[in-house]
Amino acid sequence: MGHLGRTDEPDKRTLRRELLAMRNRLPEDDVEAAGAALTEHALELGELTHARTVAAYVSVGSEPGTLALLDALRARGVRVLLPALLPDNDLDWGVYAGADSLVQVQHGGRTALLEPAGERLGPDAVTGADAVLLPGLAVDARGMRLGRGGGSYDRVLARLERAGARPALVVLLYDAEVVARVPAEPHDRPVHAVVTPSGVRRFRRPQEPGR
Ligand SMILES: Nc1nc2c(c(=O)[nH]1)N(C=O)[C@@H](CNc1ccc(C(=O)N[C@@H](CCC(=O)O)C(=O)O)cc1)CN2
Ligand SMILES: Nc1ncnc2c1ncn2[C@@H]1O[C@H](COP(=O)(O)OP(=O)(O)OP(=O)(O)O)[C@@H](O)[C@H]1O
């Protein structure tokens, strides 16, 4: 056990390894600067600032920083939901009540995550979000996202679809992680936009021509 990507395609695994190596080479100052720039652009997105509820996540390690964004959204009166990883890699949710309310949780041998300390709302809580911020390692020109391989957000997207919920789906990445093509499997679902330190890029919704 321990390796998350063991059942998925080798192409995804190789690409993940390369992308993670690139992130891990980033100096800490760059990670911080990226978080600040990304927050600025994300706050220009009407889908986020006009949302009543946004499902987000707390960045860890060399992920582009999200804490400033979480605080800014919360300060604007947005209800921010944060994930808590369940043993089967599904996600439960809790309300973000400020940086002091986060607890560090070690899940097996993985990077420790920061999770909400309060009441757990259940995996279906995400279906009430007007926008979902997703972590990832890359996104391509179609909006197809490469995640870490746990399948947690694949499940979130499947759950949203089943519930008929259509929140804005926004992935947060570094500039170099917006690539031409990532390997996609039938269960993968495209996101609507990517926010990087240099700005916002929206993807066309192929199933909704004319929008
Ligand atoms: N900040 C953050 N929170 C998140 C996610 C995420 O990607 N980032 N998740 C997204 O689903 C869920 C948790 N899943 C995670 C899966 C793997 C690792 C991780 O650090 N993996 C190791 C490699 C472990 C292995 O492959 O065995 C690593 O990346 O170094 C972290 C979170 C929910 N919360
Ligand atoms: N709806 C689902 N329910 C349960 N498992 C799923 C679902 N969708 C995908 N999976 C499984 O999750 C695993 C990881 O899938 P994939 O490689 O696409 O992850 P990812 O999208 O890169 O990661 P993540 O969703 O965690 O960001 C695969 O084994 C896949 O079969």
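**View 1. A99 sits in the loop between β3 (91-95) and β4 (102-105) of this predicted model.** Strands here are DSSP runs (E, at least two residues), numbered from the N terminus. With a relative accessible area of 38%, A99 is partly exposed, a class that falls between buried (under 20%) and exposed (over 50%), using a 1.4 Å probe and protein chains only. Leaving aside residues up to four places away in sequence, A99 touches L67 and D71; contact means heavy atoms within 4.5 Å. From A99 to V194 the C-alpha to C-alpha distance is 24 Å, and the two are 95 residues apart in sequence.

**View 2. Strand β9 (residues 168-172) is largely enclosed by the rest of the structure, because five of its five residues are buried.** In a regular strand, side chains alternate between the two faces of the sheet. Here, A168, V170 and L172 point one way from β9, while L169 and V171 point the other way.

View 3. Strands pair if DSSP finds at least two bridges between them. Strand β6 (residues 131-134) runs parallel to β9, joined by four bridges; A131 has A168 as its bridge partner. Three bridges join β9 to strand β10 (residues 193-196), also in parallel, and V170 is partnered by A193.

**View 4. R74 lies over the face of Y96, 5.8 Å from the ring centre.** A charge sits over a ring if NZ of Lys or CZ of Arg is within 6 Å of the ring centre and within 35 degrees of the ring normal.

**Reading the views.** Residues are numbered from 1 along each chain as its sequence is written, and chains are lettered from A and ligands numbered from 1 in the order written. Local features need pLDDT of at least 70, side-chain atom pairs count only at pLDDT 80 or more, totals for chains, interfaces and linings use all residues, and side-chain values use heavy atoms, leaving out hydrogens and water.
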